[in-house]
Number of protein chains: 2
Amino acid sequence: MPINTNASPRPSTTDGRIRATYWVETPFPLEAAVAVLAGEQSCGTFARLPGETDQLREAAGAVVERITPLDMADSPSLPIRPLPSKLGANPTFQRAEIEVSWPFDNLGASLPNLLATVAGNLFELREISGLRLLDLQLPPSFAQRYQGPQFGIQGTRKLLGIEGRPLIGTIIKPSVGLNPKETAALVKQLVDAGIDFIKDDELQANGPHSPLRARVDAIMPVLKEHEQRTGRKVMYAFNITDELDVMLQNHDYVQAAGGNCIMVTVAAVGLPALVWLRKHSQLAIHGHRAGWGMLSRSPYIGMDYRAYQQFWRLAGVDHLHVNGLRNKFSEDDASVIRSAQACVRPMFDAPTPGCEVMPVFSSGQTAEQVADTYKALGSTDLIYCCGGGIMAHPGGVPGGVLSLREAWEAAVQGADLDTYAQSHPALAQAIAAFRA
Amino acid sequence: MPINTNASPRPSTTDGRIRATYWVETPFPLEAAVAVLAGEQSCGTFARLPGETDQLREAAGAVVERITPLDMADSPSLPIRPLPSKLGANPTFQRAEIEVSWPFDNLGASLPNLLATVAGNLFELREISGLRLLDLQLPPSFAQRYQGPQFGIQGTRKLLGIEGRPLIGTIIKPSVGLNPKETAALVKQLVDAGIDFIKDDELQANGPHSPLRARVDAIMPVLKEHEQRTGRKVMYAFNITDELDVMLQNHDYVQAAGGNCIMVTVAAVGLPALVWLRKHSQLAIHGHRAGWGMLSRSPYIGMDYRAYQQFWRLAGVDHLHVNGLRNKFSEDDASVIRSAQACVRPMFDAPTPGCEVMPVFSSGQTAEQVADTYKALGSTDLIYCCGGGIMAHPGGVPGGVLSLREAWEAAVQGADLDTYAQSHPALAQAIAAFRA
């Protein structure tokens, strides 16, 4: 296995507490800085107050469960205030991994309040010069309040009748600018070529140039005709990201038209709107992570995907984006694989549902990354989306889709890609066109 | 004026386009990198596709309106992929401020889709080694769809009958751990001391230890009795942050009990839930910005408050947190003042409502920062919240509240704080206790 992913199962907590791990950096004595962090996110202020008894601290205070010192840095990773002179002329910046826990009674099973607790003011603390939320561990009571994915991996497969291979998917490209009729014409090409899954771009939601309902009206007849003719269902994720009432109405519109999937950009709609949509939804919910770069791009601030994805899974997405190997963005391959593994890691111990969701590979994907993706995951439980990898294939859309099917066949059979390509011309064309 | 804030009015766009300014850093030729960014956030993918005609690019492409080169860096501010050899052995990293515009037809007047467009995948681009969304300029059509603040500054003042000075406020501390009865006892002390505004902590929402409704039941009689006895209304911001149905029900509960304000942590509830709450709300909405540090703490990734606050104002908050001068966090004073000024800068040209909201100063505030706050803002249109600054005052809660009133009197009169304190013992005590 070329990719070291450090994946470890983290079942739910059994003591009712909420646990979070962080990477932290501080010029102050480590234990004191971590205590400030725990205080800020529970009962503390800058002075010990009359009402803050030992008993209250015991009941409501966050507990520092573990401090594991890591390396030191010579300079602060994030801007900090001028340091007190007691730290000396050349202070060092200690890094550590820490675990903090909260009593359930502070917040209850509430995702928005969980977010405000584990990812609230603490990033602004002057005592720290770097902070990332790495992971979360929740008590099963969260799964009692929240529904989690309705379809997940098995439900999505069942909707389409596809087993033993990934869903081969694509994104409507150009991202935005095609009108509904042009989009439907492209959908026709894609379904004729044997695609399993199509999604709107995250930039294409409900703008005047291509209103959602006009898109549904143009696309659904194509999908229905295809199904009647071939018996094959295709999943189309209509991007209904919008205000709440419009999202619910557009969900109903997609459903009434015979659609099977809606898409939302999760950070754009937020937790309560997604939870509300999930309660209402009869369709698979495809979760796009646009905006994720703001939280992930710096190693010194933000949130790891291991923590991030738990919020959206519990809120109810069925699919969640994880980028792809050798993508067009800045994320490295190990991180992509860790994210995909996180999506299928149970959030709760059985018999509580694990909330596993289908990871969506996307961004600069072609037949070229298939073998490594399968090798790293050891699973075909994913949606493999290619934009240019299908549409810019020398054989056009049919060649693009076929090359991906063939690449996955080769991977699952353990065959060498280039050898397999000798008897599979679409795959050979893909390799010739896309190999860097 | 000691604080240089670079505030400049940015009225709404008049050509219907959506504009955003960014700080960007790249090792690649600047114009090419910026073109990738504009392409990624409009019609582009990694290859020019069959459907992507010149006409489509013209209609749907984002336009780079301005590139202003700034300084160069010797190393990348954010992790990047290994660079191509054509950039040489020692590439430099050019920084710039850029302005990008989008056609309205790409997305329409939709806040969630605006967020996915101006703050979506672009942060992950391999072509950039730093990116911050600095500011936004929207066409008036956004104000036609969204209601903006219901009360804002004047409406909040009118609810309380307070003119010519800030609302003196406090946060219930300890942040979490007091039960409803203990909270109400503290509220009684605060209102007797003459406080104008009280808020729940952002960590205190609806947990089992202090359920929202039990808090309302315990606190509202105290506020009502106070009003009947003194004729003075106090504003209490009940933290109703939660799932959507619970938020609406708890809004109604607060209203039925005679309350005048609810609080939400804006990033925890997200845009559509806040917009939905605003449609329903009869009460002032107090917006907490917990989690803001994730977007603001690094100079190289994230979002400036100038852009951030526009989303929440348009969605409908009446008050929004801006931190405070010499706060307990890491933000510097100039940034705090810029944020407060942003809250009262009209988002739209008259006669479209400007969506001005009341900035909330908070975090380590005492009588000591009042003069500088007033000097920098030249206005009393704010809520000035102190936790320890009231509760840790040597004269107790009454001394704390009085010291803040006196400090603001001195500031508005242009009197020297220490001189004024000679005839105002509570203020003198505050100075003695809190001066660093």
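α9(A) contributes the most to the lining of the largest cavity, namely four residues. Helices (H or I, at least four residues) and strands (E, at least two) are DSSP runs, numbered from the N terminus. The model is predicted, so local features need pLDDT of at least 70 and side-chain atom pairs count only at pLDDT 80 or more, while totals for chains, interfaces and linings use all residues. Residues are numbered from 1 along each chain as its sequence is written, chains are lettered from A and ligands numbered from 1 in the order in which they are written, and side-chain values use heavy atoms, with hydrogens and water left out.

A cavity here is a set of points, on a 1 Å grid over the protein atoms alone, where a 1.4 Å probe fits but cannot get out; lining residues have an atom within 4 Å of a point. Grid points are joined across faces, edges and corners, and a volume is the space filled by probe spheres set on the points. There are six cavities of 30 Å³ or more, and the largest holds about 610 Å³. Its lining has 36 residues, with A:A267, A:L295, B:L115, B:A267 and B:L295 nearest the centre. Elements giving two or more residues to this lining include α3 (111-118) and α9 (266-280) of chain A, and α3 and α12 (305-315) of chain B. By class, 29 of the lining residues are nonpolar and seven are polar, with no charged residues. Ala, Val, Leu, Ile, Met, Phe, Trp, Tyr, Cys and Pro count as nonpolar, Asp, Glu, Lys and Arg as charged, and the others, Gly among them, as polar.

How many residues of each chain take part in the contact between chain B and chain A? The contact (heavy atoms within 4.5 Å) involves 96 residues of chain B and 96 residues of chain A. The side of chain B that touches chain A has 47 nonpolar, 32 polar and 17 charged residues. The buried area, meaning the accessible area (1.4 Å probe) lost on putting the two parts together, summed over both, is about 7900 Å², and carbon and sulfur atoms give 59% of it. In chain B, the residues that lose the most area to chain A are B:E124, B:M294 and B:R297, together 11% of what that side buries.

Eight salt bridges (a side-chain nitrogen of Lys or Arg within 4 Å of a carboxyl oxygen of Asp or Glu) are counted between chain B and chain A. One of them pairs A:K279 with B:D245, with the closest N and O atoms 3.2 Å apart.

The backbone details remain. Another cis peptide bond, with omega about 10 degrees, joins B:A350 and B:P351.

Notes. On a 1 Å grid over the protein atoms alone, a cavity is a set of points where a 1.4 Å probe fits but cannot get out, and a pocket is an open set with protein on both sides within 12 Å along at least five of seven lines; lining residues have an atom within 4 Å of a point.
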